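Here is a friendly walk through one model, from its strands to its pocket and a handful of individual residues. Keep the viewer open as you read.

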Amino acid sequence: MATQIKIKKGDTVQMLAGKDRGKQGRVLESRPRERRVIVENLNTVKRHTRPQPMRDSSRMGGSPMTPGGVIEKSAPVPVSNVMLVCPTCKLPTRVGYAFREIKGETVKIRVCKREGCGQEIDK
């Protein structure tokens with residue numbers, strides 16, 4: 001079964017639940033099969049890593065080891081915990097679809113479902 005989510009890479013979203021509730025960020029990666037997205041600087045987790053030898057370090061000319069320590073990175077968030085922010089009205093909104101005729105082809109475009117807005121999200 002093909003999975004489809006209405007949030008894509010590069011969209012601005014607002015967190016609805018969790019420790020970062022109310023904060024906004026840009027989607028770095030979308031994982032439709034897992035129904036999750038990775039949002040920039042939100043849902044950060046700490047990962048303790050050891051120094052690792054680099055592959056092909058002789059070609060790089062730098063240090064042959066990657067530094068270890070505590071690294072903070074964004075963890076995936078369930079897509080149900082985020083809501084798309086409309087680029088026109090700057091408010092979190094549900095996403096609808098509209099079908100437009102462009103150069104003789106029918107194209108599906110995401111639109112804002114907020115009352116009084118209705119602008120296209122995809123440009």
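Strand S10 (residues 95–102) pairs with S11 in the antiparallel sense over 8 bridges. Strands here are DSSP runs of E with at least two residues, helices are runs of H or I with at least four, and both are numbered from the N terminus; two strands pair if DSSP finds at least two bridges between them. One place to look along this pairing is Val95, which stands opposite Cys112 in S11.

This is a predicted model, so local features need pLDDT of at least 70 and side-chain atom pairs count only at pLDDT 80 or more, while totals for chains, interfaces and linings use all residues. Residues are numbered from 1 along each chain as its sequence is written, and side-chain values use heavy atoms, with hydrogens and water left out.

The two strands S10 and S11 form a hairpin with 2 residues between them. Lys103 lies in that loop, and its phi is near 55°, a positive value in a residue other than glycine. Lys103 is also exposed, with a relative accessible area of 83%; exposed means over 50%, buried under 20%, and partly exposed in between, with a 1.4 Å probe and protein chains only.

Lys90 is placed in the loop between S9 and S10, with a positive phi near 60°. Its relative accessible area of 58% makes Lys90 exposed.

## The open sheet

Which order do the strands of the open sheet follow? The sheet has 5 strands in the order S8-S3-S2-S1-S9, with antiparallel pairing. Strand S8 (77–78) and strand S9 (82–84) stand at the edges with a single partner strand each, so one side of each has no neighbour in the sheet.

Within this sheet, strand S2 (residues 24–31) and strand S3 (residues 36–39) pair in the antiparallel sense over 4 bridges. Val27 has Val39 in S3 as its bridge partner.

Arg110 belongs to strand S11. Is its position buried or exposed? At 3% relative accessibility, Arg110 counts as buried. Its side chain makes a polar contact with the side chain of Asp11 at 2.7 Å and another with the side chain of Asp122 at 2.9 Å. A polar contact is a pair of N or O atoms within 3.5 Å; within protein, one must be able to donate a hydrogen and the other to accept it, and residues adjacent in sequence count only if both atoms are side-chain atoms. Leaving aside neighbours within four places in sequence, the residues in contact with Arg110 (heavy atoms within 4.5 Å) include Lys6, Leu84, Tyr97 and Glu120.

Asp20 is found in the loop between strand S1 (12–15) and S2. With 9% relative accessibility, Asp20 counts as buried. The side chain of Asp20 reaches the backbone nitrogen of Asn43 at 2.6 Å. Beyond its neighbours within four places in sequence, Asp20 is in contact with Met15, Leu42, Asn43 and Thr44.

Gln119 sits in the segment after strand S11 (105–112) and counts as partly exposed at 35% relative accessibility. Gln119 touches Thr88, Val111 and Cys112, not counting residues up to four places away in sequence. Gln119 and Cys89 are 30 residues apart in sequence and 8.7 Å apart in space, C-alpha to C-alpha.

Met54 lies in the loop between strand S5 (52–53) and helix H1 (57–60). Its relative accessibility of 30% makes Met54 partly exposed. From C-alpha to C-alpha, Met54 and Met65 are 5.4 Å apart in space and 11 residues apart in sequence.

## The largest pocket

The largest pocket has a volume of about 180 Å³. On a 1 Å grid over the protein atoms alone, a pocket is an open set of points where a 1.4 Å probe fits, with protein on both sides within 12 Å along at least five of seven lines, and lining residues have an atom within 4 Å of a point. Grid points are joined across faces, edges and corners, and the volume is the space filled by probe spheres set on the points.

Among the lining residues are Gln4, Ile7, Arg35, Met83, Thr93 and Val95. S9 gives the most to this lining, with 3 residues. By class, the lining has 7 nonpolar, 2 polar and 3 charged residues, where Ala, Val, Leu, Ile, Met, Phe, Trp, Tyr, Cys and Pro count as nonpolar, Asp, Glu, Lys and Arg as charged, and the others, Gly among them, as polar.
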